Amino acid sequence: MMTAEEELAEKRILLERANAEREAIFKRYDRGRKNIDIDAWDDPAFEIYTQADRYGFLHPEKEQSFRDDLEAARRKQIEVERTKKWLKMMKNWSSAETKERLQRRVMKGIPDRLRAAIWKLFLNLDQALKENVGVYEKMLKFARQYSPDIRQIDFDVNRQFRNHINYRERYSVKQQSLFRVLAAYSMYNMEVGYCQGMSTVAGVLLMYFDEEDTFWALNALLSNERYAMHGLYVEGFPKLMRFLQHHDKILTKCMPKVKKHLDKHGVDSVLYSLKWFFVIFIERIPFSLCLRVWDIYMLYGERVLTAMAYTILKIHKVKLLRMKDMDQITEFLQTILYKNFGYDDDTVIKTLQLAMFELKKLNLDKLPAAPASEFPKVAFGQFIEPSLEAKIGHRNEKFTERETELKETVLYRSESKNDGDDEDVDENGRPVGQNGHHRNENGGHDDDEDDRTERDCDDITEEDDAYSNLNTEYDDGSITKHSLTGTSVTSTNDVSITSYERTCDIFRLQPNSGGSSAAILGSGAKLDDSVSIISLQTLDGVCDLHGSAEHSIVQGVSGGSAEKVAPGIIGDDDEDDDDDITEKQLSS
């Protein structure tokens, strides 16, 4: 048994090691590409037959057809014409004409060459930079001295967008900038500190902004009430729970057959929608479509996320209802749609526009009222020196009841999975289910009578009052710190458990002391064939939507003015298509 003096001496030694490690990481980013000990895995070589798309992502080179060339030329000409209109609109940003046309043109997409300038106006970055001169550099100095999140930030920076030309090389200019932005913000917003997912959002912002602009853009997304992403990343993830509950309520009301089908196969919303809400659909839908969603999100805020989640399931409902296996459904929603969504961007955005109108008519377009736990309790930029334990990065030495329960669950699931691998087969080698029915090639039964027709899929008017559970751990109205065990928003699977030892390592989050928390969602280990997806148990109940506070969706313009806006239309700027949604419909 160590005495108090011996414990203090040991902590001082550990603190010196932690400080030395943090300083060493900063020095590596200071040197950048001049580091001589860059590992081959950290710095992958370019393949010979690889080409970058217009956004900088690398893809295997393939021949372009003549039709593809014609389509690319057509889209380029359209973007040139739209760029002229946007430039003209930007010169009169505060005018009534701009306010009238803005929503319609955002729905049709912001030209990529002007995206940075328009996002900057939406997020009001010029005012933030003007009011906070020198703050970014100050926070970066604090991070170098005190941030307990540097190790995790360093780890995540290196695995962010590894197929992007600017992030691929270890300690590249973009990796240096991303590291500094996240390190500085971990000191500026000490309630959140650093949480996995922030690296993804900041990484996209850095594709369009410089380093300091990205810092303030990230802060706008977390602090501005239109987006309020602070509640997504703060300890407990209370806003994520609200998103999941509301998403389930929308499905139960508008797509009951799809909801029952997902429930039947054990596909909880947390299994497929985590990245939808946590990182605004990054790496879940094609990047070009994701940018279109970001454009609309910048203008309208959080209600775009619930509408887009509904749109994805609605547009693919026929295909989803034909799937008979949880793995098949989750792989489709997590991986396949990212590679090939199946519809062009304009079609999806028009469907999103219709979904926003439909949810507005049903009073389901907005989330329930936010609890106090989602809002910052400490002023941003107010430095609170982390405790000694936080600086050292101590983890709890004893398992909690939840962790012990998880151990038993993981072991049980693992044994069940192993037992399932030795399934029975008939004399012809065909898999046989528990009831003796033969399984088909999709994992279903040959005599399954639960097939849906396409006409069934189109019926979205049926109501069902039996709201299903979310299968996430609830704790007094918020997801607990441990309920996203094994989750990594930078990995392929949204929820994964490999082994008890790794799970307990994932569980060990940085301690919350001195007002700082580091909500780390995953261990970051590479997933292997032994990964098994599990469902986490839940309590009953779904939030009632009717008590939510109605708030205006505001349009940010220079000069700080704001007004109510409604989703625009997709079509020509100067004339309305017959099937487009009118502003009168949206305001009704």
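Guide: Contact, a word used throughout this conversation, means that heavy atoms lie within 4.5 Å. The structure is a predicted model, in which local features need pLDDT of at least 70 and side-chain atom pairs count only at pLDDT 80 or more, while totals for chains, interfaces and linings use all residues. Residues are numbered from 1 along each chain as its sequence is written, and side-chain values use heavy atoms, with hydrogens and water left out.

Visitor: With that meaning in hand, which residues does T306 contact?
Guide: Leaving aside neighbours within four places in sequence, T306 is in contact with F243, H246, I250, F277, L359, D365 and L367. One of these, D365, is 59 residues away from T306 in sequence, yet their C-alpha atoms are 7.2 Å apart in space.

Visitor: Why is T306 called buried?
Guide: Buried means under 20% relative accessible area, whereas exposed means over 50% and partly exposed lies in between, with a 1.4 Å probe and protein chains only. T306 has 2% relative accessibility, so T306 counts as buried.

Visitor: What makes the stretch around T306 a helix?
Guide: Helices are DSSP runs of H or I with at least four residues, strands are runs of E with at least two, and both are numbered from the N terminus. T306 has its place in helix α17, residues 303-315, and the chain as a whole has 25 helices and 4 strands.

Visitor: How do you know how α16 and α20 are arranged?
Guide: Two packed helices are described by the angle between their axes and the distance between the axes. Axes are lines fitted to C-alpha atoms, for helices over the stretch in contact, and angles run from 0 to 180 degrees between N-to-C directions. By that description, α16 and helix α20 (residues 345-361) pack at an angle of about 30°, with their axes 10 Å apart. The crossing of α16 and α20 is right-handed; such a crossing has the near helix turned clockwise from the far one by less than a right angle, and a left-handed one has it turned anticlockwise.

Visitor: What makes a set of residues a nonpolar core, and how many residues has the largest one?
Guide: A nonpolar core is a set of buried Ala, Val, Leu, Ile, Met, Phe, Trp, Tyr and Cys residues joined through side-chain atoms within 4.5 Å. The largest nonpolar core has 125 residues, and those with the most contacts inside it include L205, M229, F281 and W294. Its largest share, 11 residues, comes from α16. M229 touches V201, L221, L222, F278, I280 and Y297, not counting residues up to four places away in sequence.

Visitor: What is the phi of I280, and why is I280 called buried?
Guide: I280 has a positive phi of about 55° although it is not a glycine, and it lies in the loop between α15 (274-278) and α16 (287-300). The relative accessible area of I280 is 0%, which is under 20%, so I280 is buried.

Visitor: How do you know how many disulfides there are?
Guide: A disulfide is a pair of cysteine sulfur atoms within 2.5 Å, and a search of the whole structure finds 0 of them. As for the cysteines C195 and C290, C195 counts as buried because its relative accessibility is 0%, and C290 is buried, with a relative accessible area of 1%.
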